[in-house]
Amino acid sequence: MENIMLSVKDLKKYFNTSSGTLHAVDNVSFDIQKGTTLGVVGESGCGKSTLGRTVLHLLPATSGQIVFNGRDISKVSKRELHELRKEMQIIFQDPFSSIDPRMSVEQLIAEPLQIHKLARSKDEIRKKVHEVMDIVGLASRLANSYAHELDGGRRQRIGIGRAIILNPSFIVCDEPVSALDVSIQAQILNLMQDLQQERQLTYIFITHNLSVVKHISKDIMVMYLGCTVETCDAKELFKKQYHPYTKALISAIPRTNPDPNHKRILLKGELTSPIDPPDACRFAPRCNYACEECHRRAPALEEVEPGHFVACHRVREINGL
């Protein structure tokens, strides 16, 4: 499809450990349309961040295919990867540890320009940096300030400035607001949505906060222990959830107007080890609906409704489909 910015197929990322092979990302596939956002959600340790970093080649993939703007970038040379960095960027979770404390705001935002030699003179660099600072909401008087002198919101604006100064078309947002106060979160989310509209940016937005991802995403992919368990349109997911894990996640969202009929779904049981996991449903030990087949064979993603995919052996039985 011409409108697809990023297409990932059967992506795997394994790590060798002293105890065995850790399956951080296992057979994950998805497409993202240009100018839209794919929200990736799940518990800590489910592989969300590893997925984003593997797509960007910050971590080498074990196997699978990554197609960016119609070009297969599954295997690229150092020179090709250097060029790709202009198009593909990342905003990290921690706005303090992800930036060099010895560099000023101006130096931090200018660094990508200098690495890629996209400015001819110091004056041109300074001009572009101050333009970006204005775009992301950093006052020019902060140009010579250092990260430890700024609050979390301003630090994250530096991270966003570094990401957009090369005019990329695709950005992985790795929990960019989780370390910020709630009031600051809203400001950063609004900034990112404004930038997306102005620049037609495509995002992967990684978070464990479903309330956040609901408002910024076109589509949502729910991950559990390295696997995709459910994916569909964002609005659709909050109306109808078919996977037992997704149902539990949605039930845990804090509500401003409590519904007396609402019941929180509490998950019990032991987590499946991600190290050399068995060929079975990884959610089965915590699932109230698990049957013998769930412990014997891993479910494949199945389209239960147009555009709504679920990986569950009993999805139709449980939901009356």
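This report describes the overall dimensions, surface, charges and nonpolar cores of a predicted model.

The secondary structure of the protein chain consists of eleven helices and twelve strands. For 321 residues, a compact globule would have a radius of gyration near 20 Å, and the 21 Å of the protein chain agrees with this. The C-alpha trace spans about 70 × 50 × 45 Å along its principal axes.

Buried residues account for 47% of the 321 residues in the protein chain. Among contacts with a separation of 6 or more, 62% are made by residues 24 or more positions apart.

The accessible surface is about 16400 Å², and carbon and sulfur atoms hold 47% of that surface. The protein chain carries 41 positive and 38 negative charges, whose mean positions are 2 Å apart.

The values for the whole protein chain are as follows.

| Property of the protein chain | Value |
|---|---|
| Radius of gyration | 21 Å |
| Span of the C-alpha trace along its principal axes | about 70 × 50 × 45 Å |
| Accessible surface | about 16400 Å² |
| Distance between mean positions of positive and negative charges | 2 Å |

The largest nonpolar core contains 59 residues, and Ile109, Ile160 and Met192 have the most contacts inside it. Leaving aside residues up to four places away in sequence, Ile160 touches Ile91, Val136, Ile188, Leu191, Met192 and Leu195.

Methods
Residues are numbered from 1 along each chain as its sequence is written. This is a predicted model: local features need pLDDT of at least 70, side-chain atom pairs count only at pLDDT 80 or more; totals for chains, interfaces and linings use all residues. Side-chain values use heavy atoms; hydrogens and water are left out. A nonpolar core is a set of buried Ala, Val, Leu, Ile, Met, Phe, Trp, Tyr and Cys residues joined through side-chain atoms within 4.5 Å. Buried means under 20% relative accessible area, exposed over 50%, partly exposed in between (1.4 Å probe, protein chains only). Contact means heavy atoms within 4.5 Å. Helices (H or I, at least four residues) and strands (E, at least two) are DSSP runs, numbered from the N terminus. The radius of gyration is taken over C-alpha atoms; the globule rule is 2.2 Å times the number of residues to the power 0.38. Accessible areas come from the Shrake-Rupley method with a 1.4 Å probe; for residues, only the protein chains shown count as cover. Lys and Arg count as positive and Asp and Glu as negative; His and the chain ends are not counted. The place of a charge is taken as NZ of Lys, CZ of Arg, CG of Asp or CD of Glu.
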